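Let me put the model up, and then we can go through what surrounds the ligand.

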Amino acid sequence: MASDMFSCPCCLRFKFSPEEIEQRYRSQEIDKMIEKEKHSFRRQVKLLLLGAGESGKSTFLKQMRIIHGIKFEPELIREYKQVIYQNIVKGMKVLVDARNKLDIPWEHPVNNDNGEYILKYDNSLVLDTRLFTHYAPTLGDLWKDSGIKRAFERRREFQLSDSVQYFLDNIDRISRVVSPQYCPYHCPYGPDYIPTNRDILHARKATKGISEFTIPIHNIPFRFVDVGGQRSQRQKWFQCFDSVTSILFLVSSSEFDQVLVEDRKTNRLEESRNIFDTIVNNLIFRGVSIILFLNKTDLLAEKLKSGETSIRWFFPDYSGDEKKLADVQTFLLEYFRSVKRDPKKPLFYHFTTAVDTENIKVVFNAVKDTILHRNLESLMLQ
Ligand SMILES: Nc1nc2c(ncn2[C@@H]2O[C@H](COP(=O)(O)OP(=O)(O)O)[C@@H](O)[C@H]2O)c(=O)[nH]1
Ligand SMILES: [Mg+2]
């Protein structure tokens with residue numbers, strides 16, 4: 001009440017000198033500024049991306065850039081191009097090696113020599129455009145061979161990165177090089193292949209250490225913290241555990257029939273659930289909202305459709321329809337939800353495909369609402 005009276009210019013005129021009025025105005029402005037500062041400080045949102053290796057944490061962060069219009073810098077795009085070249089050649093080496101070990105016959109015997117040639121590629125060599133385009137026709141021929149296709153179908157028996165199929169299906173586009181004299185724009189290097197956002201989303205490079213990226217969303221800084229997920233990287237996680245608003249925990253839901261890269265024997269889903277157990281039941285995160293992403297829905301759907309594997313072989317208590325996506329998803333959700341010890345702690349969840357921008361747009365909108373709503377609730381309690 002009192003402050004309303006003071007702010008009314010007509011009343012003030014009769015009580016105070018012009019200097020006093022000016023001073024009061026200035027102090028009111030300062031109060032407002034302090035209030036605003038306090039508010040914006042409290043409103044910073046820190047999101048921790050957690051989950052086992054290859055669950056999709058870094059891909060989700062790339063989507064945050066894409067969705068919020070923050071372009072990848074040209075230098076970063078060049079780096080991704082290298083990563084993509086590496087993903088393809090190393091992926092084909094794994095497939096050729098697996099074909100040999102699994103004793104699968106070649107469809108075209110000439111590919112025996114092609115395979116040997118690719119196996120000789122030394123992983124430490126820098127794969128520049130020149131070297132990659134040299135390998136490209138051989139890679140294309142090998143990918144068409146039914147022997148390699150069969151090895152690919154048996155990929156759960158060895159370690160193959162999930163994006164290899166996407167890149168090999170796109171090898172013609174990725175290996176396109178126009179030599180300078182043929183470039184219609186006469187540019188010095190020709191309009192060579194430039195990775196698209198979709199290609200960048202599929203590029204796989206294991207995260208080492210901790211990487212952060214802040215994006216202002218509705219004027220609130222959203223600080224995303226991405227970490228390495230493999231066993232050797234996890235001891236670094238606790239360094240980023242303070243002042244967390246929300247944890248986005250990613251699970252690769254298509255991995256029910258795969259084993260870990262780290263020891264080649266532990267079931268990947270089991271490992272993922274053990275990590276989830278230590279996070280969701282951790283007292284440090286008592287007031288932190290935890291959002292579970294059952295990711296790689298596209299790959300899970302494909303796997304179930306292929307009929308080459310069954311969740312029941314790995315989880316004998318599965319009682320749903322082995323081919324039905326919704327049944328498997330319900331089972332997986334329960335598999336994770338059941339480790340949560342505090343029944344009062346809410347668990348939010350989404351079925352996601354991190355490489356699909358439209359899907360992540362919808363999911364992130366819902367996540368944002370959850371986070372801001374919960375943040376508001378906790379602010380009101382303070
Ligand atoms: N098809 C498909 N691939 C995905 C999905 N999420 C991630 N990937 C791919 O899986 C690989 C591992 O993802 P990444 O984000 O690096 O996992 P991280 O170790 O948790 O950071 C990358 O090649 C991604 O492109 C998904 O939902 N569907
Ligand atoms: Mg990562």
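So, His-202: one of its backbone N or O atoms is 3.0 Å from an oxygen atom of ligand 1, a polar contact here being a pair of N or O atoms within 3.5 Å. Ser-163 has a polar side-chain atom 2.8 Å from a ligand oxygen, and with Gly-56 a polar backbone atom sits 2.9 Å from one. On its own, ligand 1 has 580 Å² of accessible area, and the protein covers 97% of that (Shrake-Rupley, 1.4 Å probe; for residues, only the protein chains shown count as cover).

Before I go on: this is a predicted model, with local features needing pLDDT of at least 70 and side-chain atom pairs pLDDT 80 or more, while totals for chains, interfaces and linings use all residues. Residues count from 1 along each chain as written, chains are lettered from A and ligands numbered from 1 in written order, and side-chain values use heavy atoms, without hydrogens or water.

How many residues surround ligand 1? It's 19, and the closest are Glu-54, Thr-59, Ser-163, Leu-201 and Asp-298; the cut-off is a heavy atom within 4 Å. Helices H4 (57-67), H11 (197-202) and H13 (297-306) each put at least two residues into that shell, and H4 gives the most, with 3.

Zooming out, the protein has 16 helices and 6 strands, which are DSSP runs numbered from the N terminus (H or I, at least four residues; E, at least two). Of the 382 residues, 45% are buried, meaning under 20% relative accessible area with a 1.4 Å probe, protein chains only.

How values were computed:
Buried < 20%, exposed > 50% of the residue type's maximum accessible area, 1.4 Å probe, protein only. Polar contact = N/O pair within 3.5 Å; in protein donor to acceptor, adjacent residues only side chain to side chain.
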